[in-house]
Amino acid sequence: MHLEVIGVGGAGCRIVDRLAERTGTGQADGRRATTDDQRLDGSFIVDTFAFDTDPDALAELAAVPEAHRHRYGTASDGLDGDLRAGLDVGEAHVDELSRVIDQGSPSKAEAFLLVVGLGGATGGGTAPALAADVRELYGTPVYVVGTLPTNGEIERSEDARSGGADGPAAPQGPDSGEDTLDRPLAGRNALRTIDRLNGVADAIVPFDNEAYLRTDEGLATGRGRVNDELIYRLATFFSLGDRAEGGEVSAEQTIDASDVDRTFGDETVLAALGYAEQQVDTADDDGSLLGLGLIGGDDEPDVDTSEAVSAVETVVRKAVRGKLTAECDRSSATGALLAVGGPPAWLNRRAIADGRSWLEGETQARTVRGGDVPDADADAVFAVALLAGVRDVERIEELREQV
Ligand SMILES: Nc1nc2c(ncn2[C@@H]2O[C@H](COP(=O)(O)OP(=O)(O)OP(=O)(O)O)[C@@H](O)[C@H]2O)c(=O)[nH]1
Ligand SMILES: [Mg+2]
């Protein structure tokens, strides 16, 4: 599918910049070297944009084209978590941001993807107005990917405050000092922004930073790796249809923008993405057999059916039951989509169909949309699952209890 990808605020711009970099869709100069095995499929990206109130944060970007980076408002160094200010500046400047988007090719987009850090003021404050505006202007769905704040950001601020009053300084753990960003209002901001996006965005995909950071690791140190994990899932999911169409082997069933849109449904939903893969033997690896001439120029390896079925089953279950972008009640999902990819000989149709039926049983989804993504060059079987309309997102519930 074709997406306009827009980062707003510090987190959103960093994530989108890295996405542009790893897909090779950003500007060539200033891009850090990306080796081939780090390269992600970016065929779904129409344009990338980076919007921030903080000029210094924008100046650190590398891959989003200069003409698509835009500083708005008059704050000299961001809004420092003041969500009210973020809402005001977002509303006041939304037309200006739309004009920047017009410099790209928004009419080619089948949907907009807004990426923000939900704990901040700029991204969180601007997302509701921007989502409403582009939805009205272009008539396309708007999906929001929003990172959820960590305990470290919120707690350390509280420690610092109580430490100041009581005398003793906050304990010097690995989660103190430089590694932790101090955002006392992050939890409250995130909840308010999610509420404001309700009825405006088509879907919100919360990403649980806390769950992706290592023990004792703060965002300042861990965000690069965490962002890469998020980007990998996003690129894999949104490129599903393009990869299936572009490959040498045609897919039995491809996924397009309307499948994604229907899976999200008519109301603003919370959604989660799951991913799993398993390495498999491919003909290319089997140098000995080829060398002996036992297998002629035939590229299709002989794959044992039960092994193929088992590989598909394994990745499907792991994608759904394993770590999601945010932990939630899977059985509450009202829509689901499941794609399985890998070397064509491994994509057992029966097992893929069974995987979809299984997921129907695990959720409230009446039909699980899906497809296959044959890739002759792949050496792993993978599954991507989208669960839409999920309830009880654990981290959101935790934040509700904290504020
Ligand atoms: N995954 C991830 N999360 C981040 C990153 N940077 C910040 N965050 C999270 O995003 C939240 C908002 O931070 P920013 O995006 O920097 O805030 P902003 O939108 O620029 O808003 P202001 O700076 O307050 O104007 C923080 O509370 C963090 O939880 C990042 O690089 N990756
Ligand atoms: Mg900022």
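Colleague: In this predicted model, which residue of strand 10 stands opposite Leu338?

Modeller: Ala385 does. Strand 8, residues 335–342, is joined to strand 10, residues 380–388, by seven bridges, and the two run antiparallel.

Colleague: And what stands opposite Leu338 in strand 9?

Modeller: Gly370. Seven bridges also join strand 8 to strand 9, residues 368–374, but this pair runs parallel. The link between these two includes a helix: strand 8, helix 13 (residues 349–362) and strand 9 make a right-handed β-α-β unit.

Colleague: How should I read the two faces of a strand?

Modeller: In a regular strand, side chains alternate between the two faces of the sheet. In strand 8, one side holds Gly335, Leu337, Ala339 and Gly341, and the other holds Ala336, Leu338, Val340 and Gly342. Both sides are covered.

Colleague: Why is strand 8 described as largely enclosed by the rest of the structure?

Modeller: Because eight of its eight residues are buried, meaning under 20% relative accessible area.

Colleague: Now a helix. Which residues of helix 14 are buried?

Modeller: Arg395, Ile396 and Leu399, within a helix spanning 394–402. Seen down the axis, they fall within an arc of 100°, so they line one face of helix 14.

Colleague: Where does the largest nonpolar core have the most contacts?

Modeller: At Ile6, Phe51 and Leu130, in a core of 68 residues. Helix 12 (305–321) gives the largest share, seven residues. Domain 1 (3–238) and domain 2 (271–388) each supply at least three.

Colleague: What is Ile6 in contact with?

Modeller: Beyond its neighbours within four places in sequence, its contacts include Val16, Phe49, Phe51, Ile101 and Leu130.

Terms used. Residues are numbered from 1 along each chain as its sequence is written. Chains are lettered from A and ligands numbered from 1 in the order in which they are written. This is a predicted model: local features need pLDDT of at least 70, side-chain atom pairs count only at pLDDT 80 or more; totals for chains, interfaces and linings use all residues. Side-chain values use heavy atoms; hydrogens and water are left out. A nonpolar core is a set of buried Ala, Val, Leu, Ile, Met, Phe, Trp, Tyr and Cys residues joined through side-chain atoms within 4.5 Å. Buried means under 20% relative accessible area, exposed over 50%, partly exposed in between (1.4 Å probe, protein chains only). Helices (H or I, at least four residues) and strands (E, at least two) are DSSP runs, numbered from the N terminus. Domain bounds come from an automatic or database domain assignment. Contact means heavy atoms within 4.5 Å. The arc is that of the directions from the helix axis to the C-beta atoms. Two strands pair if DSSP finds at least two bridges between them. A crossover is right-handed if, with the strands pointing away from the viewer, the path from the first strand over the helix to the second runs clockwise.
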